[in-house]
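Work through the exercises below with the sequence and the model side by side. Try each task before you read its solution.

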Amino acid sequence: MKKLLLTFAFATTLSVTATIGQAQQIPDPRVADLVQAGKIRVGLFLPQFSKDAVTGELKGVRVEIARALAARIGVQIVLLEHPAPPAAVACLKASACDLLFLSLDARPADAGDFSPPVFQFDYTLLVPAGSVIRGLADADRLGVRIAAIRNHSSTTELIRLLKQAEIVYADTPDPTFDLLRTGQAVAMASARPMLLDYSDKLHGSRVLEARYGANINRMVVPKGKAGWLAYISEFVEEAKALGHVQKAIDRAGERGITVSAPEDSK
């Protein structure tokens with residue numbers, strides 16, 4: 001069940017928004033409807049965010065960047081929580097969300113229109129103490145069970161690559177980690193930032209240096225919103241060039257994330 005958390009994107013809350021989050025004096029016609037609505041609704045799904053145990057406030061690099069965008073437009077931000085990617089995509093398609101963060105692969109390609117890359121991180125494995133696994137090839141053997149999150153982009157790539165190992169699924173990150181922790185799997189496959197956090201909870205475990213893919217995150221708007229896409233794409237390139245995406249990563253404290261290259265350098 002999705003929960004709704006409404007927060008105001010004051011420029012004073014973020015060093016990021018202090019520079020790129022300047023509310024415009026005259027609304028940009030490309031986002032005039034958002035200005036008229038007074039808010040932008042951003043869909044997030046686990047593990048794209050964490051929650052402050054005391055205040056309930058959502059945290060994470062996507063939250064930081066979305067707040068900066070809202071402040072730049074001059075509107076409130078509404079953060080909509082979802083348990084998994086399909087629910088967030090359904091929200092965007094139903095026009096109940098205005099914006100998502102997704103990687104551009106075959107699965108969500110029809111979800112909406114995608115901005116240039118914002119930031120990225122690797123897909124890799126978390127293995128317990130004493131494991132001899134050094135890469136995906138070591139794990140891809142008969143009788144080996146790898147824990148993975150159902151419908152996660154890292155799992156889509158894993159399915160494409162595996163030839164012999166068995167994937168055991170859970171619907172969300174914590175139960176997936178439990179499959180590894182309780183010995184029901186010999187490795188957990190997911191995004192490097194998440195696995196680094198889980199490695200702190202399993203003594204002696206390690207996140208492999210080798211990767212089996214990468215998640216290049218982009219901002220996604222509903223199809224047909226050409227003005228929104230142009231505005232947000234401009235915001236993304238400006239934020240990368242001025243170092244504000246890196247500041248958002250630093251503020252969020254998420255390990256294993258890097259800023260994507262400028263679009264015109266590809």
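**Exercise 1: The whole chain**

Of the protein's 266 residues, 51% are buried (under 20% relative accessible area with a 1.4 Å probe, protein chains only; exposed is over 50%, partly exposed in between). The model is predicted: local features need pLDDT of at least 70, side-chain atom pairs count only at pLDDT 80 or more, and totals for chains, interfaces and linings use all residues. Residues are numbered from 1 along each chain as its sequence is written, and side-chain values use heavy atoms, without hydrogens and water.

*Task.* How many helices and strands are in the protein?

*Solution.* Step 1: recall the terms. Helices (H or I, at least four residues) and strands (E, at least two) are DSSP runs, numbered from the N terminus. Step 2: count them. The protein has 10 helices and 13 strands.

**Exercise 2: A crossover**

*Task.* Describe how S8 pairs with strand S9 (residues 166-170).

*Solution.* Step 1: S8 and S9 run parallel, joined by 5 bridges. Strands pair if DSSP finds at least two bridges between them. Step 2: Ile-149 has Ala-170 as its bridge partner in S9. Step 3: follow the chain from S8 through H6 to S9; this β-α-β crossover is right-handed. That is, with the strands pointing away from the viewer, the path from the first strand over the helix to the second runs clockwise.

**Exercise 3: Nonpolar cores**

*Task.* Which residues of the largest nonpolar core touch the most other members?

*Solution.* Step 1: a nonpolar core is a set of buried Ala, Val, Leu, Ile, Met, Phe, Trp, Tyr and Cys residues joined through side-chain atoms within 4.5 Å. Step 2: the largest core has 53 residues, and Ile-65, Phe-119, Leu-125, Ile-146 and Met-219 touch the most other members. Step 3: helix H3 (residues 61-73) gives the most to this core, 8 residues. Step 4: a second, separate core has 16 residues, including Ala-147, Ile-149, Leu-196 and Leu-202.
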